[in-house]
There are 2 protein chains.
Amino acid sequence: MTAESFIGLSVQEIDTPALVIDLDVMEGNISRMAGYFKGIDANLRPHIKTHKCPIIARKQVEAGGRGITCSKLGEVEVMIQAGFTDILIANEIVGRQKIKRLMDLAAQADLTVAVDDAGNIEDLSTAAQAAGIQLKVLVDVNVGMNRCGVDPGEPALALAKKVAASSGLTFMGLMGYEGHVVSIASADERTRKGRESMKLLIETKDLIERSGLAIHVVSSGGSGTYNISGPYPGVTEIQAGSYIFMDAHYQETGIEFGSALTLLATIVSLHLPDRIITDAGMKTITAEFGFPVVKGSKDLEVIGQNEEHGKIRTTTGKSSLKVGDKIELIPSHGCTTINLHDKYYAVRKGNVEAVYPILARGKST
Amino acid sequence: MTAESFIGLSVQEIDTPALVIDLDVMEGNISRMAGYFKGIDANLRPHIKTHKCPIIARKQVEAGGRGITCSKLGEVEVMIQAGFTDILIANEIVGRQKIKRLMDLAAQADLTVAVDDAGNIEDLSTAAQAAGIQLKVLVDVNVGMNRCGVDPGEPALALAKKVAASSGLTFMGLMGYEGHVVSIASADERTRKGRESMKLLIETKDLIERSGLAIHVVSSGGSGTYNISGPYPGVTEIQAGSYIFMDAHYQETGIEFGSALTLLATIVSLHLPDRIITDAGMKTITAEFGFPVVKGSKDLEVIGQNEEHGKIRTTTGKSSLKVGDKIELIPSHGCTTINLHDKYYAVRKGNVEAVYPILARGKST
């Protein structure tokens, strides 16, 4: 059977392992997040790195997203082919081949890219001039995550001036991703640390504006801080992505979005109490944030994974499960789990409504 | 640039992140393993779950492999399309759709499948009869891994009798995978525990033969036990897979195969000493067995990974690396890392000789 031939069937009839979207829950998440941004000045620019799927990105933009966010050029290529025109690359684009691809893409869509290095700015400027393009640029500021990003304050000002002085580049503003904050479980601590990060970012914005440069964009935030960084004065857009599905890891933050993604798995071998074996292993569902949670069961606990098998125990010693039965697992980390799959089964009220291709799966260059 | 346009270029010119095979080392591994099996009775049946690539499977079979081993029907489909005809599915195939696919495939190639459940045997028998096929079956015995597999001794005998009595099925013998042994670092302990597992398997073989059933196949083993289980009297074939590339995890066993696979990554942001940021994150290289190792460097240590970024520190506080430089990472777990990629760059003496598509990537159903 092809994936499409499952349309109309019940979830339990889908061949496994399979990613399953609860459409009602996902659409509720889209509408809740879009609704929040209708009430504040900042815009929502959904990050597609979680779902990697143009069909879902389209729903987000139609609900009120201001363009989309991507991490990788391969993702941008997929999204431009799908008709998206306003794209932020929230990442540094480095190296001869990539900069060439970036210029080709910038000729087709309204792209903005992040920078944190003087040499990279020079490379982008040279390439933009050669291509006859004016490329929009955000200076990426390290607001405490200690990954990419130039230090806030004077170092950021120096890069901003360099961008502004570079032919072929248009200095648009700043990006600062508080990635060290977004999944802190305590709302109080998340709020405190999120505001600390935004303070660094907005102080840098003020410093740059005092130097005479205009700032049009201050891009920040994730799903765990949309309502912390979003309303922070001076922030213009939020790059939330994970809210679309709310994996088990993100649920620990308590933000009010529903769990919309599961992995359907089949019991392929069974010896109670601790050898309930599924077809959902490391090549199907990731575990860097912990093993998946069995949906709708308090007694079943995932205790191990091999490449193509998951191992579950029943805490009661008993189970009515038998070989061939199907269960749903909630991934601990949706973004990396989705990157293992080529399609979603989009389900409404228990039946397959559509199959969505994950066109940007594996687009890591 | 397309992948093919990198042919002839040096490794350093490949766009990143990219999987790179050192062909001389990989071919040395193939030839060393094939050579070992020329000296013993048991055959090598290479497991393709590591490389997922027909081009590499072909090299293994041409060097002396007796057919191939797969885990998933999706892998079998790819390998049959590539012309392979002798395939062991070292896994249970459960569920209506999968059994239908299995029968379609069994009509095209010489397939053998594992079973460990009476109900599954009945389902296979019914489907084989309906399809007019005689399907080869191995009874999967739990030799201590405690994953799939029926208990050794009488329970295995009962399933063997059931298979032998089932129309449409041909009882061929036993499978027992000592997966809990293959990556034990100590050779002595690996040998002791490997022999314990093989003793269980061969005692079960003897029991079944005494009952009057013939056993033609006893399939076992992995890369860490090829020279323990391979020469064990009664074992007929070994399903080694990981030896092809020897990831960092398997290197701890000290078995004499070379490290043939790296991930080429680019430095995209750099703030010494502990923010050397690469484009190799969780979506490109897996970390369930630990972070990757930086090839050829004692001073650089991977200390973190996000979805699209890796973080490295220099233990000396100094480094001559700059943004745009490329480094090679040795994956801790090749099998799952490869499953994130669509192609290998096959390199000989520093230059790209070919691009190999990873056709069975993501074939998890």
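Me: How many residues of chain B are in contact with chain A?

Reply: This is a predicted model. In it, 47 residues of chain B are in contact with 47 residues of chain A. As a general idea, interface size is often given as the accessible area lost when the parts come together. Here we count residues in contact instead.

Me: Which elements give two or more residues to the side of chain B that touches chain A?

Reply: They are strand 4 (86-92), helix 4 (96-106), helix 5 (118-131), strand 10, strand 11 (275-278) and helix 10 (334-338) of chain B. Strand 10 of chain B gives the largest share, three residues.

Me: How do the residues of that side divide into nonpolar, polar and charged?

Reply: On the side of chain B that touches chain A, 11 are nonpolar, 21 polar and 15 charged.

Me: What rotation superposes chain B on chain A?

Reply: A rotation of 180°, with 0.0 Å of shift along its axis. The RMSD is 0.0 Å. That is the relation of a two-fold axis. The same surface serves both copies, as 100% of the contact residues of chain B recur in chain A.

Me: Now the sheets. What is the strand order in the open sheet of chain A?

Reply: The general idea comes first. Strands of a sheet pair through backbone hydrogen bonds, either parallel or antiparallel. In chain A, eight strands form an open sheet in the order 2-9-8-7-6-5-4-3, and the pairing is parallel.

Me: Which strands stand at the edges of that sheet in chain A?

Reply: Strand 2 (43-44) and strand 3 (68-70) of chain A. Each has a single partner strand, so one side of each is left without a neighbour in the sheet.

Me: How many bridges join strand 6 and strand 7 of chain A?

Reply: Six, in the parallel sense, between strand 6 (residues 135-140) and strand 7 (residues 169-176) of chain A. Take one residue: Leu138(A) has Gly173(A) as its bridge partner in strand 7 of chain A. Helix 7 (residues 187-210) of chain A packs on the sheet. There it touches strand 7 and strand 8 (217-220) of chain A. The direction of helix 7 makes about 155° with that of strand 7 of chain A.

Me: What is the strand order in the open sheet of chain B?

Reply: It is 2-9-8-7-6-5-4-3, with eight strands and parallel pairing. Strand 2 (43-44) and strand 3 of chain B are the edge strands, and each pairs on one side only. Inside the sheet, six bridges join strand 6 (residues 135-140) of chain B to strand 7 (residues 169-176) of chain B. Lys136(B) has Thr170(B) as its bridge partner in strand 7 of chain B.

Me: Which strands of chain B does helix 5 lie across?

Reply: Helix 5 of chain B lies across strand 4, strand 5 (110-115), strand 6 and strand 7 of chain B. It runs at about 145° to strand 7 of chain B.

Me: Where does strand 1 of chain B find an antiparallel partner?

Reply: In strand 10 (residues 261-271) of chain B, over four bridges. Ala18(B) has Leu264(B) as its bridge partner there. Strand 1 of chain B also pairs with strand 16 (residues 343-348) of chain B, in the parallel sense and over four bridges. Ile21(B) stands opposite Ala346(B) in strand 16 of chain B.

Me: Are the residues of strand 1 of chain B buried or exposed?

Reply: Five of the five residues in strand 1 (residues 18-22) of chain B are buried. Look at both faces. Ala18(B), Val20(B) and Asp22(B) point one way, while Leu19(B) and Ile21(B) point the other way.

Me: Which residues touch the most other members of the largest nonpolar core?

Reply: In general, nonpolar side chains tend to be buried together in soluble globular proteins. The largest nonpolar core here holds 229 residues. Ile89(A), Val139(A), Tyr345(A), Ile89(B), Val139(B) and Tyr345(B) touch the most other members. Beyond four places in sequence, the residues that Ile89(A) touches include Cys70(A), Val76(A) and Leu111(A).

Me: Which residues of helix 3 of chain B are buried?

Reply: Leu73(B), Glu75(B), Val76(B), Val78(B) and Met79(B), in helix 3 (residues 73-81) of chain B. Their cover includes helix 2 (54-62), strand 3 (68-70), strand 4 and helix 4 of chain B. Gly83(B) follows helix 3 of chain B, and its phi is positive, near 100°.

Me: Why is Thr50(B) called buried?

Reply: The cut-off is 20 or more other C-beta atoms within 10 Å. Thr50(B) is buried because it has 26. Thr50(B) lies in the loop between strand 2 and helix 2 of chain B. Its contacts beyond four places in sequence include Gly241(B), Phe245(B) and Ile338(B).

How values were computed: Residues are numbered from 1 along each chain as its sequence is written. Chains are lettered from A and ligands numbered from 1 in the order in which they are written. This is a predicted model: local features need pLDDT of at least 70, side-chain atom pairs count only at pLDDT 80 or more; totals for chains, interfaces and linings use all residues. A residue is buried if 20 or more other C-beta atoms lie within 10 Å of its own, exposed if 12 or fewer, and partly exposed in between; C-beta atoms are placed from the backbone. Two strands pair if DSSP finds at least two bridges between them. Two residues are in contact if their C-beta atoms, placed from the backbone, lie within 7 Å. Ala, Val, Leu, Ile, Met, Phe, Trp, Tyr, Cys and Pro count as nonpolar, Asp, Glu, Lys and Arg as charged, and the others, Gly among them, as polar. Axes are lines fitted to C-alpha atoms, for helices over the stretch in contact, and angles run from 0 to 180 degrees between N-to-C directions. Copies are superposed by least squares on the C-alpha atoms of residues with pLDDT of at least 70 in both. A nonpolar core is a set of buried Ala, Val, Leu, Ile, Met, Phe, Trp, Tyr and Cys residues joined through C-beta atoms within 7 Å.
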